[in-house]
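Please look at the structure below with its helices and aromatic rings in mind. The report that follows takes up a few of its packing arrangements one by one.

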Amino acid sequence: MVGQTRNNLRGAASGPSHSLRSTQARRRRRATEAGEPELEEEPKEEVNRPELPLPTRRGNLPGGARSYSPRRIRKLKTQNCVPVEMVTRTDLLNGRFQFLSSFLEQLWDKAQLLQRRQVSGKGAFCIAVFVSILHWVHLITLFENDRHFSHLSALEREMTFRTEMGLYYSYFKTIVEAPSFLQGLWMIMNDRLTEYPLVINTVKRFHLYPEVIIAFCYRTFVGIMNLFGLETKTCWNVTRIEPLNEVQSCEGLGDPACFYVGVIFILNGIMMGLFFMYGAYLSGTQLGGIITVLCYFFNHGEATRVMWTPPLRESFSYPFLVLQMYILTVILRTTNNSRRHFIALCLSNVAFMLPWQFAQFILFTQIASLFPMYIVGYIEPNKFQKIIHVNLISVFLCFVFMFGNPMYLSSYYSSSLLITLVIILKRNKIQRFGVSELHFWVIQGSAWFFGTIILKFLTSKILGVSDHIRLSDLIAARILRYTDFDTLIYTCAPEFDFMEKETPVRYSKTLLLPTILVITYFVFKKIIFHTLQLLAFTSLAVLIMRLKLFLTPHMCVMASLICSRRLFGWLFCRVRFMLVILSVVTIMSIQGYVNLHNQWSIIGEFNNLPQEELIQWIKYNTRPDAVFAGAMPTMASVKLSTLHPIVNHPHYEDADLRARTKIVYSAYSRKSAKEVRDKLVELHVNYYILEEAWCVVRTKPGCSMLEIWDVEDPSNSANPPLCSVLLKDARPYFTTVFQNSMYRVLKLN
């Protein structure tokens, strides 16, 4: 995936794309339903911002929200709901400190109760439901605070889905607006707008099962509500500041964008309940699950970005990895596994792989973590063989569901599964040669490593998919320092850069990193799978910053082991270990609260007037079949909001698409205008969208478009930049037909 990051997007606009709602009342709503008076409320005096992220609206929500009267405080009788026991352990706290002492005593008892409680039971389920709802509220609060989504028009909401997010959402929109669900599905499976004039199956290419399922649910929901005559949304006229005109904004599950992001946040809310169950099972106590949840919240900014970029593939896929690893842990720990465990593992594998093309590489690291355990005898051969069979079945099912997508058969994951199965079947024959145990381990490990690489290379050549950029290719480019046009397009994006140096510092401030180091030191021999998986996730995150989303949550899960009596029972008998745990959590909470408060303090409102002007001009001044080319992020928005055909888009993995994008981006090179025009004509382009920022933006040394082209095309390095030439005068090969502070639309002559 390629595109500008959230911070870069804000800076690209001529003015700030998110302005503080507290400084100006931008939008005021007026009811549009018949029979209701149209009212405009003057902004009231601003009230103090609460410390906790409440989903309810405050009395004054700048930007035009409906105002509510202040909450009344009920008078309560002076009574204690819980009897207060007298503190008998110490006489240091008495008199006015008696209440504090009593509170600490109760907190101590509750913590000890959670430490003794096992995972099963209604109590654990209730806690899982509670933390799921809490995370769901946290996500929707951050999302709403960031862009004031509830007050945006349909067009503005679409514009917030930048880069590949807009591309994915466009297919959901196509199915929703089609005459029927099946017609919409046929349209995206025979799409001619995304890579004009090619006809492609976008479900197969872009892993769109989430959009298909959500669109089906949306149409079903709206159909049922309409059948009973129930309203599904409320619409308002929103008055915007000059020079923006009045727009309509709709709230409720009947609005497609609200339904779409709502489902994503519900799924990721449920994920937090899975984290609690996972941590509780791993540690053997409910307190361990709570520590996992607390660590996740305290390091939330390092663990996920779903609240900023909901439509990304990881938002749909990652929750199922949590479920898959939980089930796998149960299988590894249980002596006699039932068939339902392996069926659940298979289904969770499929659910993880279908929405995201990178999922296979993550499962490959999982097999790489399990195989050493099998070699040294930590996993029974029969159980390990069943796990491999289940994974192979998962790959085959994904291959079928994705219409024979060859990427599933040519990945490192599928190759490692086949080699592992061969080694398992040939294990007894190798042992007959009478080699020592150490040599036997080396033989198996070498056979697995080199066999996987060779088989992956052969299957890629046979199936013709070696021209796809994969995560492994980016890692190799990082390690070997190899650069070309394609790898630079990826690695120059901040999310594909090395891990930030400040990340370990942030982990340390919440005590997450020190806790994990201590746990790893003590438990390597007992929890070996999770330790090896942690090392794999650490390596990926160091090389590619975006993959912190695997490392941070896994660290949070492993932090639960601090409560494990199985691992630290010897310490429980010597010290008041519960006091140690509470002390660690207290210290974590100090920086954790600061991190949460920083997230809650992000208050903004989306506004991108230049792009809105561009889209409106395209919709009303060009033919519906006019073909556009330009920067990948902008093309996704053009395709989504105007439904015009485009020739390139942000899903950069396909070789043909990379070749098209390279031609399109030659407008930012030093080639001649005639050469670029002729290449664009071959792609059937009618209009080219030139962005002045792309002529000069440089995310880091060597990463401006001109520098990338100088690496790719050194023969023209002495020529002037074509972008500068086109900005001065696009003639005779182009004609400028529209321009504003950010964009210029050039018509090809």
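## Helices H8 and H9

In this predicted model, Glu211, Ile214, Cys217, Tyr218 and Phe221 of H8 meet Pro256, Phe259, Tyr260 and Val263 of H9, where contact means heavy atoms within 4.5 Å. Helices (H or I, at least four residues) and strands (E, at least two) are DSSP runs, numbered from the N terminus. By class, this contact has 8 nonpolar, no polar and 1 charged residues; Ala, Val, Leu, Ile, Met, Phe, Trp, Tyr, Cys and Pro count as nonpolar, Asp, Glu, Lys and Arg as charged, and the others, Gly among them, as polar.

The axes of H8 (residues 209-227) and H9 (residues 256-283) come within 10 Å and cross at roughly 125 degrees. Such axes are lines fitted to C-alpha atoms, for helices over the stretch in contact, with angles that run from 0 to 180 degrees between N-to-C directions. The angle makes H8 oblique to H9 (under 35 degrees counts as roughly parallel, over 145 as roughly antiparallel, 65 to 115 as roughly perpendicular and the rest as oblique). The crossing of H8 and H9 is right-handed, a term used if the near helix is turned clockwise from the far one by less than a right angle, with left-handed used if the turn is anticlockwise.

## Helices H13 and H15

For H13 (residues 339-353) and H15 (residues 381-401), the axes come within 9 Å and cross at roughly 40 degrees, and the two helices are therefore oblique to each other. Their crossing is right-handed. Among the residues that make the contact are Phe342, Leu345 and Met353 of H13, together with Ile387, Val390 and Phe401 of H15. By class, the contact of H13 with H15 has 12 nonpolar, 3 polar and 1 charged residues.

## Aromatic pairs

The structure holds 36 aromatic pairs, in which rings of Phe, Tyr and Trp (its six-membered ring) have centres within 6.5 Å, and planes under 30 degrees apart count as stacked, over 60 as edge-to-face and the rest as tilted. One of them joins Tyr169 and Phe172, a tilted pair at 5.5 Å centre to centre with 40 degrees between the planes. Because these two residues are 3 apart in helix H5 (residues 163-177), about one helical turn separates them. Tyr169 and Phe172 are both buried (under 20% relative accessible area, with exposed meaning over 50% and partly exposed in between, for a 1.4 Å probe and protein chains only).

Phe628 and Tyr687 form a stacked pair, because their ring centres are 5.1 Å apart and their planes lie at 15 degrees. Phe628 belongs to strand E4 (residues 628-630) and Tyr687 to strand E5 (residues 687-691), so this pair ties together parts that are 59 residues apart in sequence. Phe628 counts as buried at 0% relative accessibility, and Tyr687 is buried with a relative accessible area of 12%.

## Helix H27 and the whole protein

All 11 of the 11 residues of H27 (residues 632-642) are buried, so this helix is largely enclosed by the rest of the structure. Just after H27, Leu643 takes a positive phi of about 60 degrees.

The protein has 32 helices and 7 strands, and 54% of its 749 residues count as buried. Among contacts between residues at least 6 apart in sequence, 74% join residues at least 24 apart.

Residues are numbered from 1 along each chain as its sequence is written, and side-chain values use heavy atoms, with hydrogens and water left out. As the model is predicted, local features need pLDDT of at least 70 and side-chain atom pairs count only at pLDDT 80 or more, whereas totals for chains, interfaces and linings use all residues.
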